[in-house]
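Biologist: Could you show me the model, please? I'd like to go through it with you.

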Amino acid sequence: MRKSFLSILFCFLLLAANAQKVGLVLSGGGAKGIAHIGLIKVLEEHNIPIDYVAGTSIGAIVAGLYAMGMSPDEMLELFNSDDFRLWSTGTLDKDDLYYFKRKDELPDMIKLDITKKESGVKLILPLNIVPEQQMDYAFMDLTAQTTAVCQGDFNKLMVPFRCVSTDIYLNRPIVHSSGDLGEAIRASMSFPLVYKPIEKDGMLLFDGGIVNNFPTDVMQRDFAPDIIIGHKVTGLDTQPDPDDLFSQIEAMVTQLTNYEIPDTIGILLESKLDDVGLFDFPKANFTYSKGIETAMLKIDSIENIIHRRVPKSEVDRKRAEFKSKKPDLVFNNIQVEGVKDNKQRRYIIQSIKYNEKTINEDELKSSYFKLIADDHIKSIQPLAYYNRQTGYFDLHLKVEPRKPLDVDFGGHLSTRANTFGFLQANLKAFNKQSYYFSTNLFFGKFYNSFMVGGRLYAPNRNPFYISSYFTLNYWDYFSTSTDLIFTDIRPQYIRQTENNIRLEVGIPYTKTGIIDAGISRSTSLDEYYQTKVFNQGDILDETTFKATAIHVRIDKKNYDFRQYPTEGGRKFFSLQYINGTEYFAPGTTSPIQNEVENNHQYFQITAKYDEYFKVQKSLVMGLMAESVINNNTLFSNYTSTLLNAPRFSPTPNSLSMFNEHFRANQYFAVGGKALYLFNPNFHFRTEVFGYFPVQSILSSSGNTANYAQKVFTKAHFMGLAALVYQTRFGPLSAELNYYDKVGQKWFFSVNMGYMLFNKRGF
């Protein structure tokens, strides 16, 4: 009788143990949360069941990925991937940059929208550091098929899931138990000032860590597990780092959270990660290993309180079965929210879908990034809803158009005298087509310019643009002869004034290229002395060149940065026909006393190749080649011939110098680059270039110009060594430049911003 009783009791206890349910709660903490993956890895390998998951912020990301069927190895691979680096930093992949929609590259560093309020005109400051387009698309792409499988019910995921965000207006927690999985996770991790919040059901949703950074209460209320395993990675119980802005913001916005888990309901694990910052995602492997260490220290205690076991093979089978239910990500219908005009809605739909019945995942990604390259669109949050009747996904786009008017600020700051400021105003509109009008102003000692013009885009299956601009340029090369470190012993005195009007038509050439053709009319005035000896009252020599130019070009470019790129490349080819008249008027010091008028008709072919190759994780090599050939005749004197000859200027600093050794009507140049990357935004680079004029332009008696009798008689070299940090506003560099030239050869400078100008006529 007693044996029977003991057998029954044993069976009862065994059944009770087998019925034991386990909930896993993961805290917020930024990049520290990658340690959660290490914990999950250890739990799976020791056959500890995970029946429910809940998390906040990074905890919501890891819990959500696990709930949708990703293994710990797959999650770690994701956090180490280039894709994650791109969408966590808001950086567009170089292969997703739609060159066709990109305007001429200019030195803009800050963009401010202008809107009209009741109180008057207001400048709208940027509210988030990281652009959201990459992240919004990534969450849709990662989770759309999973949301379809669970039909928007988070209880039907592979592992039932909860996450928390914050209604910032009422300062209350919002628990996400249903809806779009990607949108829920995205809301939970929207750290203030870094990521843009999610707008949903009239609420503005920020990071859940603001009000509940460790949702054990949500786990107990919604799932009532027998045991809770909690993992804390945040360092909010310590003073914020006085040198870490993000840790200070985190401390300010995050309320005190109770991280305690009573022994009667579970166990709390804590990973100390003082050396990992809020956004130190590149330390993923280190952080992951710390999570494993924490779990291994506590695994005996976990096994003592959790008697039920689920073999890892069973978890893998369950994971594979859940993933097999995911439908193909093919889209049919498109709905657009956020624009009131039906023509604007059609413009967006046409830009995504054209006239196709369906589009697949790759086609959507391509079209999406083409559309966000449009300056009329500030943001697009894509949501995918599975339509069981059609078997396709319906794409819902939450669009935020840009304000019609915005202004750009920028320029180039330097310890040398080539500093200039930049200001641009842009007016935009779109319906069936998109229109863009702009005017800008450069102002400085070295360079001044004014531009006004516009561009029309047609988003057809075969899109094209038409643009027209008027530009006035002015360069003063004498101003750059002196810097804060060195003084040039042989200054040039040259002023160049140029105005042009251009008309261009362009079509895309693959995603990162463009083919365009155009015509321009330009007038350039060069003022200079042809002698080293002159007085302040002397009149400069003048060469005026009035010309019409026709061009066609192919330009394929996918650099990661506008200036000092570290990956990508450029392939460029252009053919120009120029027909113009030269007018020379001598000054008081001119060796040529007569006025001269000459006609110049010539063709010019320009070809460029520039490519970066990653040799190792931190080592990048670059190869560059450039060639120009034209059949132009010589101008009336040596100086004017050089001023109107093509120049070789492969480095930013070389764009601000007049160097006679790197100008010729025909030349070939090659260069090599070596870069050491400390991180994606900070690197050291060296560049060396060899320049080989086919026939050097020489100065003869009376400063007339003639060609060297033999080809390739001279070679000239140029070099650069620089530390470069790509800030959110532009490149910050400390660089040493070498030029093969008469007089000063070495130039050191510290620079911030872009050495970019308005276009010339040809």
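Modeller: Strands (E, at least two residues) are DSSP runs, numbered from the N terminus. The model is predicted, so local features need pLDDT of at least 70 and side-chain atom pairs count only at 80 or more, while totals for chains, interfaces and linings use all residues. Residues count from 1 along each chain as its sequence is written, and side-chain values use heavy atoms, without hydrogens or water.

Biologist: How many bridges join strand 5 to strand 8?

Modeller: Strand 5 covers residues 161-167 and runs antiparallel to strand 8. In this pairing, Ser165 stands opposite Asp207. The number of bridges joining the two strands is 3.

Biologist: On strand 7, which residue stands opposite Leu204?

Modeller: Strand 7 (residues 198-200) also pairs with strand 8 in the antiparallel sense, over 3 bridges. Their hairpin has 2 residues between the strands, and Asp201 takes a positive phi near 50 degrees there. Opposite Leu204 you'll find Glu199.

Biologist: How many residues of strand 8 are buried?

Modeller: Buried means under 20% relative accessible area, with exposed over 50% and partly exposed in between (1.4 Å probe, protein chains only). Strand 8 spans residues 203-207 and is mostly covered. Its buried count is 4 of 5.

Biologist: How many disulfides are there?

Modeller: A disulfide is a pair of cysteine sulfur atoms within 2.5 Å. For Cys150, the nearest cysteine sulfur is that of Cys163, 12 Å away, so Cys150 is in no disulfide. The count is 0.

Biologist: What is the relative accessible area of Cys163?

Modeller: Cys163 is in no disulfide either. Cys163 is buried, and its relative accessible area is 0%.

Methods
Pairing = 2+ DSSP bridges.
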